[in-house]
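Subject: Structure handover

Hello,

Here is the structure for your work. My notes on what was found in it follow below.

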Amino acid sequence: MEMVLDHRWERVRLMVGLQQQKNLSEQASRMSTQCPFCSVQCKMEVIEEQAGDRKTFRVLPVYNPASQGRLCIKGVYGHQHALHPDRVLYPMRKVNGEFVRISWPDALELIREQFTQIQQEDGLDALGVYGAATVTNEVAYLLGKFARVALKTKYIDYNGRYCMSAAASAGMKAFGMDRGLTMELTDIPYSQCIILAGTNIAECQPTLIPYFTKAKENGCYIIIIDPRETGTTKLADLHLKVKPGMDAALVNGLLKVIWEEGYSDPSFIAERTKGFEELKEHLSTIDLDDIEEITGIPVEQIQQAARLFGQSKTGMVFTARGVEQHTDGHMIVRNFMNLSLITGKIGKKGSGYGAITGQGNGQGAREQGHKADQLPGYRSIEDPDHRAYIAKVWGVHEKDIPGKGVSAYEMLEKVHQKEITGLFVMCSNPVVSSPNASLVEEGLNNLKFLVVVDLFVSESARMADLILPASSYLENEGTMTNVEGRVTWRPGSRECPGEAKHDWQILCEMARVLGKEKHFSFSSAGEIFNELRVASRGGIADYYGITYDRIKQEDGVYWPCPSLDHPGEGRLFEKTFANPDGKAEIIAVANHFPKEQTDENFPLYLTTGRVMYHYLTGVQTRRSPSLKAREKESFLEIHPNTANKFGIEDAILVKVESRRGSMVVRSKVTESIREDTVFLPMHWGDLQNVNKLTHQELDPVCKMPGFKVCAVRVGPLNK
Ligand SMILES: Nc1nc2c(c(=O)[nH]1)N[C@H]1C(S)=C(S)[C@@H](COP(=O)(O)OP(=O)(O)OC[C@H]3O[C@@H](n4cnc5c(=O)[nH]c(N)nc54)[C@H](O)[C@@H]3O)O[C@H]1N2
Ligand SMILES: Nc1nc2c(c(=O)[nH]1)N[C@H]1C(S)=C(S)[C@@H](COP(=O)(O)OP(=O)(O)OC[C@H]3O[C@@H](n4cnc5c(=O)[nH]c(N)nc54)[C@H](O)[C@@H]3O)O[C@H]1N2
Ligand code: SF4
Ligand SMILES: [Mo]
C-alpha cells in the first residue's frame, strides 16, 4: 500500500506497541481510561510505575471499536496535563485581586449567599450557567437540571454552540435527527467516493484516518474542500481550494451538474424526500461561471467533482467546523446534505452523511438538555408534552420549569449588558473561545459574581471570584457519546488530587446548599445515568436501553436504543428518516457570502482552526511538555505572494488587526494557503487570542458564530 499520509499517529502506535512488550514492574498501577480530547474517544491504559524515587508514566493503547487500538500523539501525552503541578487542588476565592485557599463548606456558603442575593436583587434569570461538551453525559444532564430546578433560571447554554450547532440544527431539519454520523465508521472503506469539506481529520481525529486510507485502497476517490493544504488534503485525489465561506455556492455548482447531467436518484428523491421541486427551480438560476468567480474553483473542477460523486454507486459526505462555523452555517450544511439526498447516497452500506463531532462528548452533551432550548432526550423546552414528561421525571411542576433561554454568545452579551449579573462556568474558557473576545472579557469584568469550575487557572478562571477544583479524565467516571453516536463508558481510575471533586458532585453539593437536595441526592455517576435513561426515554436521543453493564459488555452501544433488548442503531435511515412524515427535507440554498467582507483597509480573509498538537484554548495541552515542545507558539499561515506584498518575511513577528482588535504572532510563509486568506490557530490566549479579531455576527437559525471568516490586515510588528 502506498502511504499517502505523513502518518505521525502510526509512529506513535509503533512506539507504544513496543513499550507494551516491556515487562511491568510489580508496583505498576494501571489506569484504564479514554482520551480526554477528541470525539474518537480512544481507549488506553495509563501506567504509573515507581522507579526509585521517581514516578514514570506511560500509555498503552487499548482496542475499542472506533479507534481499533490506535492512539494519536495527544492521547499518548494527555496524562501530562492531568498530573501537572498547576492543577487547582482547593476552592480558591479572590480577595483583593489574589486567590486564597478556602474550605469547601466556605465555598458553598459563598455560592449560596451570592446566588441568593443576585436572584433577590436582579431576578431569577440574572444567573447564567455556561457548560461544555467535554463533560460526561451525566454532568451535561445534571447541569440542565441544576439550572432549571436548583437555580430556576432560563439562561443555560454551552460551548457546543460554537462547535456543532450548525450541523445539529441542519440534521434535525433535513433528517429529523441530529446524530453526527448517520453510518458506522466501518462503512467508510466501502465508499467509492468521499467528499471531505472543512474537516481536517488527520490533525483533529487522527486515529480515524485508516478508515479513509482503507477506502482508498479499495479504489475510493477522495474530494477535499478546504482553503488550505493540511494533513488531510494529502489524501485528496481532487482538492478544491475554495474561498473561505463560499461552500454553499460551490455546492450549488455541484448540485447543478449532478442534476443536469442525470446523476441524481429520481426514485430516492420521490420516495424518501420532499422539497426537490424548489431546489430544481433554484438550480436553473445557478450559473457555473458565476460560481467559479465567487468560489475561486474552476468550472472544470466543479464538473469533475460532481461527476465523480454522481457516478459512484456509493458515496459519503463529511463536514466539520470549516463549513459550519459561518454566519450561514446552517444553510451551508443543508446544501451538503442536499448532495447526499438527491443522489440517494444515505442509509445504505458505503453511503451516508457525517458531521464529524469535535469534543470528547460533542455528541452526547448536545442531547441531555443543557442547551438553551432543550430538555433531556433532545426534547424541546417549548413543547408542553415534553415539559410535562420531564417535570414528572424531575418531580417538579411543569410550570416551574423555565422557558427557552439564549445561545452561548447571546448569554455573554447579556452579561455585558448587565442583565445577567452572576455566571457559573463549568469546563470552558469563554474569554478565549468566544468570538469578539474583548467584549466577552469586558462583560465578565462587570459580573457581581463569577464561579469557574476547572482543572487549571485558565484565562477565564483568572477572572473568577471563586474557582472550584474539578476532577480530570483520569479520575472522573461517566459516559461519553463518540463521533459515531456510540455511548462509551470511562471508568474513574485515580483518586482526585487535593480536594478536587467531580463535576457532578459539585453540582449536587451546590443544589444541597440551595435547598434542592431532594432533586440531587445522587451518590454516583451511575445513579445519574439511570435517571438520564428514563428522562431520555421516548425522546429522539433515546438512551433508555443503554446501561453501564451493557456498555461494558458490548464495548459501547449506539443510540437510539429504546429498550434493554434493542441492539442500538449503527446505520440510520435505511428505510425511513426521523421527520414525522418519514421523509428527508431538501431545501434551496442561496449562494451565501460571509457577513464580513474584505475592503481596502482589511484586505485579507482570516480563517481560524486547529493544529495537531494542541487542543482548543490550549489550557490543557500548553501544560503538556511533550505537546508544547512540538508547537511552542501560535503562527500566521500566509502565502509567499501575500507576504511579499505586505513586507512580511518568514518567521518574523507580525501584527494582525481586524475591526475589533489585534494580536501579535510569528509568520509562517507557505504556499499551502490561498493568496487571499491567512490562517491562525485558536490554541493560545492573551496577546495571541485569535478571538480578539473575530466578529460577533451569528447564524440566524442556530446562532453559530462566524469563526471561519473575518477581514484582517497584516504587517510586520516592527515597521
Ligand atoms: N488537534 C486537535 N484536534 C481537535 C481539536 C483541537 O483543538 N486540536 N478540537 C476538537 C474539536 S472541539 C473540534 S470542533 C474538531 C474540529 O475539527 P475540524 O473542523 O476538522 O477543525 P478546524 O481546524 O477548525 O477546521 C477544519 C478545516 O476547515 C478549513 N476551513 C476554514 N474555513 C473554511 C471554509 O470556509 N470552507 C471550507 N470548506 N473549509 C474551511 C480549515 O482550513 C481547516 O483545515 O476537532 C477536534 N479535534
Ligand atoms: N476562532 C475560533 N474560536 C473557536 C473555534 C474555532 O475554530 N475558531 N472553535 C470553537 C469550538 S469548536 C469549541 S468546541 C470551543 C471550545 O472552547 P472552550 O470550551 O473554551 O475550550 P477548552 O479549551 O476545552 O476549555 C475547557 C476548559 O475546561 C477545563 N476542563 C477540562 N476538563 C474538565 C473537566 O472534566 N471538568 C471541568 N470542570 N473542567 C475541565 C480545561 O482546563 C479548560 O480550561 O471553542 C470555539 N472557539
Ligand atoms: S485526540 Fe482523539 S484521536 Fe487522538 S488519542 Fe485522543 S481521542 Fe484518539
Ligand atoms: Mo468543537
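Asp581 is partly exposed, with a relative accessible area of 42% (buried means under 20%, exposed over 50%, partly exposed in between, with a 1.4 Å probe and protein chains only). This is a predicted model, in which local features need pLDDT of at least 70 and side-chain atom pairs count only at pLDDT 80 or more, while totals for chains, interfaces and linings use all residues. Residues are numbered from 1 along each chain as its sequence is written, chains are lettered from A and ligands numbered from 1 in the order in which they are written, and side-chain values use heavy atoms, with hydrogens and water left out.

Salt bridges

Asp581 forms a salt bridge with Lys274, with the closest N and O atoms 2.8 Å apart (a salt bridge is a side-chain nitrogen of Lys or Arg within 4 Å of a carboxyl oxygen of Asp or Glu). Lys274 lies in strand E11 (residues 273-274) and Asp581 in the loop between strands E21 (557-558) and E22 (584-585), so the pair ties together parts that are 307 residues apart in sequence. Helices (H or I, at least four residues) and strands (E, at least two) are DSSP runs, numbered from the N terminus. Lys274 is partly exposed, at 28% relative accessibility.

Glu261 and Arg307 also form a salt bridge, again with a closest N and O distance of 2.8 Å. Because Glu261 is in the loop between H9 and helix H10 (266-272) and Arg307 is in helix H13 (residues 299-311), the pair joins parts that are 46 residues apart in sequence. Glu261 is partly exposed at 32%, and Arg307 is partly exposed at 30%.

Glu596, Asp599, Arg659 and Arg660 are linked in a network of salt bridges. The whole structure has 41 salt bridges.

Pockets

The largest pocket has a volume of about 700 Å³. On a 1 Å grid over the protein atoms alone, a pocket is an open set of points with protein on both sides within 12 Å along at least five of seven lines, a cavity is a set where a 1.4 Å probe fits but cannot get out, and lining residues have an atom within 4 Å of a point. Grid points are joined across faces, edges and corners, and a volume is the space filled by probe spheres set on the points.

The largest pocket is lined by 27 residues, with Ser169, Met172, Lys371, Asp373 and Tyr378 nearest its centre. Helix H6 (165-175) and strand E15 (379-380) are the elements that give two or more residues to this lining, and H6 gives the most, with five.

The second largest pocket holds about 280 Å³ of space. Its lining has 18 residues, and Glu203, Arg228, Thr230, Gly231 and Glu637 are the closest to its centre. Domain 2 (165-356) and domain 3 (604-716) each give at least three residues to this lining; the domain bounds come from an automatic or database domain assignment.

Cavities

There are six cavities of 30 Å³ or more. The largest cavity holds about 690 Å³, and of its 42 lining residues Thr134, Gln359, Cys427, Leu616 and Gln620 are the closest to its centre. The second largest cavity holds about 490 Å³, and of its 35 lining residues the closest to the centre are Gly198, Cys204, Arg321, Arg610 and Lys708.

Regards
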